[in-house]
Amino acid sequence: MKNLNVSFGSEPVLREIKEKYASRKMTLLSNSAKETSFQLVDFSDQKNVFYSPNRYRVLFESPFLNMGDIFIYDFFDLAGDSLSAFDEKVRHWSGINADSSFLQSVLLLSPLDGKPHNRAVLTIWSTNKSDQVTLDTPHDLKKTLEPYVNHNYFRTTYKVLS
C-alpha cells in the first residue's frame, strides 16, 4: 500500500460513503473517548474519494497486515535530523512484536498535506471484542519512542464499528 486516506464526519454520512464504495477496503471507526466522533479509513490505495481527507503516504507496513477491532494512532512532530532514527525504531518495534497474538498491523505514516517532519504510527489490535487492549508485546510502542515524545505528541484510540 502506498497511500492511506482518512475522513471524519457523522456516522450516517460515513456509512453512506462506505456503502457507495463497497468494493473498497474501508473501515468505519468510533473514537473511544468521544463516541460522537467518527472516522472512515480507506485502505484501498485508490484515488481519494473524500471531500476533505487526511492523506498519508505509507512509509512502512508490517508484513502481517490484518484487521482488528482497535486502532491506535500515535502522532509525532519531529526534528528533521531524527526522522531516519525514528522510522527505524518503528520498523524494529514492529519486527520484535510480530508474534504478538493481539497486534494485527503496524503502519508508519507521513502526512501528504502537512509538515514533512510529522509522523503517525497506526497500530491495529485484536482484543476479542473486549474494551481493553491487552498489549501482548515485549515493549510498549510509547516507551520505545519516548525520546521522540514532546508537547506535540498525542495518542488517540478508535473502535471498529460493524
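**Entry 1: S6 and S7**

I began with S6 and S7, which run antiparallel and are joined by six bridges. I noted the rule for pairing: two strands pair if DSSP finds at least two bridges between them. Strands here are DSSP runs of E with at least two residues, numbered from the N terminus. The model is predicted, so I kept its limits in view: local features need pLDDT of at least 70, side-chain atom pairs count only at pLDDT 80 or more, and totals for chains, interfaces and linings use all residues. Residues are numbered from 1 along each chain as its sequence is written, and side-chain values use heavy atoms, with hydrogens and water left out.

I located S6 at residues 103-111 and S7 at residues 118-125. A hairpin of six residues links S6 to S7.

Lys-115 sits in that loop between S6 and S7. I found Lys-115 partly exposed, at 48% relative accessibility. The cut-offs are these: buried is under 20% relative accessible area, exposed is over 50%, and partly exposed is in between, with a 1.4 Å probe and protein chains only. I also checked Lys-115 against Arg-155, 40 residues apart along the chain. Their C-alpha atoms are separated by 18 Å.

Why is S7 largely enclosed by the rest of the structure? Seven of its eight residues are buried, so the rest of the structure largely encloses S7.

Next I turned to S5, residues 70-77. Eight bridges tie S5 to S7, and the two run antiparallel. Ile-70 faces Trp-125 in S7. Asp-77 faces Asn-118 in S7.

I stayed with Asp-77, which belongs to strand S5. Is Asp-77 buried or exposed? Asp-77 counts as buried because its relative accessibility is 18%. Its side chain makes a polar contact with the side chain of Asn-152, at 3.0 Å. A polar contact is a pair of N or O atoms within 3.5 Å; within protein, one must be able to donate a hydrogen and the other to accept it, and residues adjacent in sequence count only if both atoms are side-chain atoms.

**Entry 2**

Glu-61 has Leu-107 in S6 as its bridge partner.

S4 also pairs with S1 through four bridges, antiparallel. I looked up two facing pairs. Asn-3 is opposite Arg-57 in S4. Asn-5 is opposite Arg-55 in S4.

S1 has five bridges to S3, and these two run antiparallel. There, Phe-8 stands across from Gln-39 in S3.

**Entry 3: the barrel**

Then I followed the strands around. In what order do the eight strands close into a barrel? The order is S1-S3-S2-S8-S5-S7-S6-S4, with antiparallel pairing. From one strand to the next the twist averages 30°. For such angles, axes are lines fitted to C-alpha atoms, and angles run from 0 to 180 degrees between N-to-C directions.

**Entry 4: two loop residues**

I looked at Ala-33, in the loop between S2 (26-31) and S3. Ala-33 is exposed, with a relative accessible area of 75%. Ala-33 and Thr-157 are 124 residues apart along the chain, yet their C-alpha atoms are separated by 7.5 Å.

Asp-45 lies in the loop between S3 (38-42) and S4. Asp-45 is partly exposed, at 32% relative accessible area. I noted its phi, near 65°, a positive value in a residue other than glycine. Most residues other than glycine have a negative phi.

**Entry 5: the largest pocket**

I ended with the largest pocket, which holds about 190 Å³ of space. A pocket is an open set of points on a 1 Å grid over the protein atoms alone, where a 1.4 Å probe fits, with protein on both sides within 12 Å along at least five of seven lines. The volume is the space filled by probe spheres set on the points, and grid points are joined across faces, edges and corners.

Which residues lie nearest the pocket's centre? They are Phe-8, Asn-54, Tyr-56, Phe-75 and Phe-154, out of 15 lining residues. A lining residue has an atom within 4 Å of a point.
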